[in-house]
Amino acid sequence: TSKPMTRRRKAALKAIAVLPTLFTLGNLLCGFVAIFLASRPPQSPLPFGWSPLTFAAMAVFLGMIFDAIDGRIARLTRQTSELGEQLDSFADMVSFGVAPAFIGVMLVDLDIPFLAQTPHDALINRAVLVAGGLYVACAALRLARFNVEIKSPAVSDHMYFKGLPSPGAAGTVVSVVLLHEHFLAPLMREHLSAGIAADSMDEPWPLWLSKIGMIVVMFLVALAMVSRLRYVHFMNKYFRGKANINFIVLILVAFMVFMLVPQYTIVTCLLLYGVSAPLAWTWYKTFGKKGQSDEMWVPDEDDDEDEDEETAME
């Protein structure tokens with residue numbers, strides 16, 4: 001039987017910090033807007049000549065900004081709470097779980113897999129739906145595991161992520177969508193305006209190859225989210241406190257490159273971050289010296305001990 005909830009705990013659950021909550025809800029609404037925009041027809045006239053998927057991807061990136069700000073504000077103002085942590089996870093599930101998967105599916109699929117009674121129920125449509133479902137499931141597992149394993153709101157406990165964080169996974173997926181829309185959206189519109197089914201044999205090979213790439217990316221980042229590999233928290237590890245001038249110059253160069261070729265820069269940075277932990281783990285296993293510190297890239301070995309303790313308590 002659970003203990004009766006005290007009056008102080010009831011008051012703590014009712015109280016919620018205003019400013020961090022507004023940013024968290026902003027993240028949640030960005031995910032909702034991204035899903036809505038991704039559901040619009042590809043030929044919809046929008047500002048700047050951008051496609052609905054481009055605006056949907058930008059909404060996810062805006063949600064990432066809100067997600068980075070809300071936690072920092074909560075820690076600076078000492079307004080962290082259990083309620084805020086749970087709300088943040090729900091918002092992340094929408095913006096970095098459901099929304100990227102839906103955007104990836106809409107990039108590939110224009111029919112109803114498994115149920116469509118048409119000759120266009122292609123295998124690739126089924127594959128992208130399975131990949132999207134796997135991505136959503138792994139994002140949910142990743143966020144639930146984070147809530148259970150996190151030690152405290154202190155920055156010292158947020159230097160590394162166990163598994164690819166959901167914002168990084170979402171950014172990887174939507175950055176590939178941005179690259180696709182930048183180069184292949186005109187070809188896609190021409191293909192659809194000709195009255196040719198999106199999954200027909202007459203589809204241009206760049207479109208077909210981009211669809212295969214989208215499926216592979218969603219599948220790999222889904223597995224990376226539930227892995228035990230260590231991913232560095234760049235904001236907490238490298239953007240706190242003081243830094244030497246070389247690091248500042250490197251940031252300025254990266255920013256200038258981003259201004260010149262933003263699509264290439266975003267995709268490259270996020271893909272490099274996604275493969276950084278597997279490459280570091282492979283390097284350690286291949287060339288690491290015995291007794292060398294494995295803090296950065298080797299998965300935690302404390303999980304088995306925790307499981308043994310739980311089993312003993314049962």
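At 69% relative accessibility, Phe48 counts as exposed, where exposed means over 50% relative accessible area, buried under 20% and partly exposed in between (1.4 Å probe, protein chains only). Phe48 belongs to the loop between α2 and α3. Its phi is positive, at about 65 degrees, although Phe48 is not a glycine. Most residues other than glycine have a negative phi.

The structure is a predicted model, in which local features need pLDDT of at least 70 and side-chain atom pairs count only at pLDDT 80 or more, while totals for chains, interfaces and linings use all residues. Residues are numbered from 1 along each chain as its sequence is written, and side-chain values use heavy atoms, with hydrogens and water left out.

**Overall architecture**

The protein chain contains 11 helices and 2 strands. Helices (H or I, at least four residues) and strands (E, at least two) are DSSP runs, numbered from the N terminus. In order from the N terminus, the elements are α-α-α-α-α-β-α-α-β-α-α-α-α. Of the 314 residues in the protein chain, 38% are buried. Contact is taken as heavy atoms within 4.5 Å. Among contacts between residues at least 6 apart in sequence, 75% join residues at least 24 apart.

**The nonpolar core**

A nonpolar core is a set of buried Ala, Val, Leu, Ile, Met, Phe, Trp, Tyr and Cys residues joined through side-chain atoms within 4.5 Å. The largest such core has 49 residues, and those with the most contacts inside it are Val60, Ile103, Tyr135, Leu164, Met214 and Tyr231. Two or more residues of this core come from each of α2 (18-38), α3 (52-76), α4, α5 (123-149), α6 (166-193), α7 (205-225) and α10 (262-287).

Tyr135 has contacts beyond its neighbours within four places in sequence, among them Phe96, Gly97, Pro100, Ala101, Val173 and Met218. Val173, a residue of helix α6, is buried, with a relative accessible area of 0%. Leaving out residues up to four places away in sequence, Val173 touches Pro100, Tyr135, Met214, Val217, Met218 and Val221.

Helix α2 has 21 residues and reaches 30 Å from its first C-alpha to its last, close to the 30 Å expected at 1.5 Å a residue; the expected span is 1.5 Å times one less than the number of residues. The buried residues of α2 include Pro20, Thr21, Asn27, Cys30 and Ala34, and the buried residues of this helix pack against α3 and α4. Asn27 lies in α2 and is buried, with a relative accessible area of 0%. Apart from residues up to four places away in sequence, Asn27 touches Gly63, Phe66, Asp67, Ala91, Asp92, Ser95 and Phe96.

Helix α4 covers residues 82-108, and its 27 residues should span 39 Å at 1.5 Å a residue; its end C-alpha atoms are 39 Å apart, which agrees. The helix bends by about 30 degrees at Ala99, and a proline, Pro100, follows within four residues. The bend at a residue is the angle between axes fitted to the seven residues ending there and the seven starting there. Val94 is found in α4 and is partly exposed, with a relative accessible area of 24%. Val94 touches Leu28, Gly31, Phe32, Ile35, Ala99 and Pro100, not counting residues up to four places away in sequence.

**Pairs separated in sequence**

Ala144, in helix α5, is partly exposed at 42% relative accessibility.

| Pair | Apart along the chain | C-alpha separation |
|---|---|---|
| Val94 and Ala34 | 60 residues | 9.7 Å |
| Val173 and Met214 | 41 residues | 7.5 Å |
| Ala144 and Ser89 | 55 residues | 8.0 Å |
| Asn27 and Ile69 | 42 residues | 9.9 Å |

**The packing of α9 and α10**

Two packed helices are described by the angle between their axes and the distance between the axes. Helix α9 (residues 245-260) packs with α10 at an angle of about 125 degrees, and their axes are 5 Å apart. The contact is formed by Val257, Phe258, Met259 and Leu260 of α9 with Pro262, Thr265 and Ile266 of α10. Axes are lines fitted to C-alpha atoms, for helices over the stretch in contact, and angles run from 0 to 180 degrees between N-to-C directions. The two helices α9 and α10 are therefore oblique to each other: angles under 35 degrees count as roughly parallel, over 145 as roughly antiparallel, 65 to 115 as roughly perpendicular and the rest as oblique.
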